[in-house]
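Hello,

Here is the structure I promised to pass on. Please open it first, then read my notes below.

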Amino acid sequence: MSKTMFQKIWESHVVNEEEGQPSLMYIDLHLVHEVTSAQAFEGLRLAGRKVRRPERTFATVDHIIPTRNPHIVEDATALAQMRAIERNCAETGVTLFGLGDPDQGVVHVTVPELGLTKPGQLIVCGDSHTSTHGAFGSIAFGIGTSEVEHVLATQCLRQAKPKTMEVAIKGQLPIGVTAKDLILAIIGKYGTDFATGHVIEYRGEAIVGMTMEQRMTVCNMSIEAGARAGMIAPDDTTFEYLRGRQYVPQGAAFDQAAEQWRSLRTDEGAAFDARIEFDASSLVPQVTWGTSPGMGAPITGLVPNPESFETDNKRKAAEKAIEYMGIAPGTPLTEISIDRVFIGSCTNGRIEDLRAAASIVKGRKVSDRVQAMVVPGSTKIKWQAEREGLDLIFTEAGFEWRDSGCSMCLAMNPDFLDPGERCASTSNRNFEGRQGRGGRTHLVSPEMAAAAAIAGHFVDVRDWERSELTGATA
Ligand SMILES: CC(C)[C@H](C(=O)O)[C@@H](O)C(=O)O
Ligand code: SF4
């Protein structure tokens, strides 16, 4: 029988199944961060249990840390969370990519870079954007703290089997249009709940043509469509990205693994529970105008009139969002001025994102009205960018160049917006207060954020000239 990639991976991880019950699943890789793990470790300690497979568990600090050097954690709660994860990992033998470690970074950035994320795996983390790892052809989803405790104790998890959905992308992305624009536009068109209860498999030319960084951007935001996870079939692009990384098999063993990974792809004729189609070929760079990732429009468009929505609920939601955002219906998006720019996060804080932003910034200056910062997604990305001279491009233009962390993606650390401040952000959520109480977030691609930093308002980056960056690739 033909099977989807999801089915193949799911079935190979079932430990036990009983009629009408969630399946008991084996977890290959358990990722842990400081915000959602303390109680789980405490639960283990109280029950006198050990971490079942410390060698399959990896921890990071990313959410609460300051991105200015020296990293002085002043907030008492943050400090307690950091000390807790340090102690918990030291006591249980779990590897921690802590502050100052070369492998430190946002969990969904540094872990794939290390080669820990591999095709065919079942990966969990107490974090919703775990869906990012599905870009490698793995099933990867977020879990709650009590589940974190369960996985720590048993390396297994009870899970109801999700449904499958094919998101078929037709055509290629036009020049100047990015993976971020694609996923924002899909969520804009189909809503923030179209994939609820489903695991998405993204397919089609545009997806096959993407780099791993771009695929991770797409899968990262699956959760904003309500999906349990997002996946992309592993192919040569995946294998070339992984080859030689620290935690993958080396030499001939890698080629053998790659052959096996290749067989994970969805078989011809396999059935999905649901399917949507999206045409990428006429896509335009996107900007969100509201307080959900689905409230977006092409940069050539206007802030919508709430009256234009079909249902009462949508009209009310748009009204409320527009009021919070402090913008008037009918305003061209290019006339919205900004105060802050944040380039970073597990959506768009990777080396290619920084290169893309730098190609817009090079030789230009950040607008006087804007405070802009670049926060690499991992320490290694920071170093790589510095080897390529990207840091100088940014700092000469007036950007701040920070250390890696979640930073202004969410206001859990010293980087946040003041009330009323408006930010062009490359992150994934624009909820009320997400970047600080009263802060206003517009989600965009790294290129669009960079151009907005220079102009002081949103602009259509397709009109801008890019410089050729000739960074080393080592
Ligand atoms: C803090 C954490 C639990 C949260 C998540 O689950 O996604 C955060 O990473 C986020 O992006 O909102
Ligand atoms: S960068 Fe943002 S979305 Fe990603 S894990 Fe951190 S807080 Fe969550």
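**What I found**

Helix H11 is followed by Gly-326, whose phi is positive, near 65 degrees. Bear in mind that this is a predicted model.

Let me stay with H11 for a moment. The helix runs over residues 312-325, which makes 14 residues. At 1.5 Å a residue it should span 20 Å, and its end C-alpha atoms are 20 Å apart, so the two agree. Which residues of H11 are buried? They are Ala-318, Ala-321, Ile-322 and Met-325. These cover an arc of only 95 degrees around the axis, which puts them on the same side of H11. In general, an α-helix has 3.6 residues a turn, so residues three or four places apart point the same way. On the other side of H11 the exposed residues are Asp-312, Asn-313, Lys-316 and Glu-323. And what do the buried residues of H11 pack against? Their partner is strand E19, residues 440-443.

Strand E19 leads to the next stop. Arg-437 sits in the loop between strand E18 (422-425) and E19. Is Arg-437 buried or partly exposed? It has 13 other C-beta atoms within 10 Å, so it counts as partly exposed. Glu-421 is 16 residues away from Arg-437 along the chain, and their C-alpha atoms are separated by 9.6 Å.

Now the overall layout. The protein chain is divided into domain 1 (5-275) and domain 2 (286-463). Their C-alpha centres lie 25 Å apart. Across the boundary, 36 residues of domain 1 are in contact with 36 residues of domain 2. On the side of domain 1 that touches domain 2, three helices each supply at least two residues: H4 (107-113), H6 (179-190) and H8 (212-220). H6 gives the largest share of that side, six residues. By class, this side of domain 1 has 11 nonpolar, 18 polar and seven charged residues.

Next, the ligands. Where does ligand 2 lie? Domain 1 and domain 2 both give residues to its shell, so ligand 2 lies between them. It is surrounded by 13 residues. The closest are Ser-345, Cys-346, Cys-406, Cys-409 and Leu-410. The shell around ligand 2 has five nonpolar, six polar and two charged residues.

Ligand 1 has its own set of residues. Val-35, Thr-36, His-63 and Asp-127 are among those around it. Ser-128, His-129, Gly-142 and Leu-410 also belong to its surroundings. By class, the shell around ligand 1 has two nonpolar, five polar and one charged residues.

Is Val-94 buried or exposed? With 22 C-beta neighbours inside 10 Å, Val-94 counts as buried. Leaving aside neighbours within four places in sequence, Val-94 is in contact with Val-32, Val-51, Pro-54, Thr-57, Ala-59 and Cys-89. Thr-426 is 332 residues from Val-94 in sequence, and 31 Å from it in space, C-alpha to C-alpha.

Best wishes

Technical notes:
Residues are numbered from 1 along each chain as its sequence is written. Chains are lettered from A and ligands numbered from 1 in the order in which they are written. This is a predicted model: local features need pLDDT of at least 70, side-chain atom pairs count only at pLDDT 80 or more; totals for chains, interfaces and linings use all residues. Helices (H or I, at least four residues) and strands (E, at least two) are DSSP runs, numbered from the N terminus. The expected span of a helix is 1.5 Å times one less than its number of residues. A residue is buried if 20 or more other C-beta atoms lie within 10 Å of its own, exposed if 12 or fewer, and partly exposed in between; C-beta atoms are placed from the backbone. The arc is that of the directions from the helix axis to the C-beta atoms. Two residues are in contact if their C-beta atoms, placed from the backbone, lie within 7 Å. A residue is near a molecule or strand if its C-beta atom, placed from the backbone, lies within 6 Å of it. Ala, Val, Leu, Ile, Met, Phe, Trp, Tyr, Cys and Pro count as nonpolar, Asp, Glu, Lys and Arg as charged, and the others, Gly among them, as polar. Domain bounds come from an automatic or database domain assignment.
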